[in-house]
Amino acid sequence: MAIFSVYVVNKAGGLIYQYDNYVPRAEAEKTFSYPLDLVLKIHDEKVVVSFGQRDGIRGIKFIVLADPRQSGIDSLLRKIYEIYSDFALKNPFYSLEMPIRCELFDQNLKGALEIAEKAANFGPGS
């Protein structure tokens, strides 16, 4: 199970934070000639978009892109909100609606994502 990305969007709709947790390996660059011989295959793998908005900060949206089999996304969104309030909002150099550039926020978010992926369930007390 995987959590692919985390986004934080401000109330104006601007992206203030993006973290790509699962980045596929970059393949060697390929060149093609026309016409392209493409074969499309149907995969049953999907990406689920989970939206979370907490009442404490109206307008800030936390978005997690995850495997549909990943459980505990709601708990993870609560944890991300907690990390945001602890490490971004309490940072004296951070201004609301501005991009989040805080090392402690990054470290704690990465730790929360690792725990959520390993446990496959991110419940209370984590």
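Buried means under 20% relative accessible area, exposed means over 50%, and partly exposed lies in between (1.4 Å probe, protein chains only).

This is a predicted model, in which local features need pLDDT of at least 70, side-chain atom pairs count only at pLDDT 80 or more, and totals for chains, interfaces and linings use all residues. Residues are numbered from 1 along each chain as its sequence is written, and side-chain values use heavy atoms, with hydrogens and water left out.

**Exercise 1.** State how many salt bridges a search of the whole structure finds.

*Solution.* Start with the criterion: a side-chain nitrogen of Lys or Arg within 4 Å of a carboxyl oxygen of Asp or Glu. Then search the whole structure: three salt bridges turn up.

**Exercise 2.** Find the salt-bridge partner of Arg69 and classify both residues.

*Solution.* Look for the partner: Asp67, with the closest N and O atoms 2.9 Å apart. Next, take accessibility. Arg69 has a relative accessible area of 53%, so Arg69 is exposed. Asp67 has 7%, so Asp67 is buried.

**Exercise 3.** Classify the two partners in the salt bridge of Lys90 and Asp86.

*Solution.* The side chains meet at 3.3 Å, N to O. Lys90 has a relative accessible area of 61%, so Lys90 is exposed. Asp86 has 32%, so Asp86 is partly exposed.
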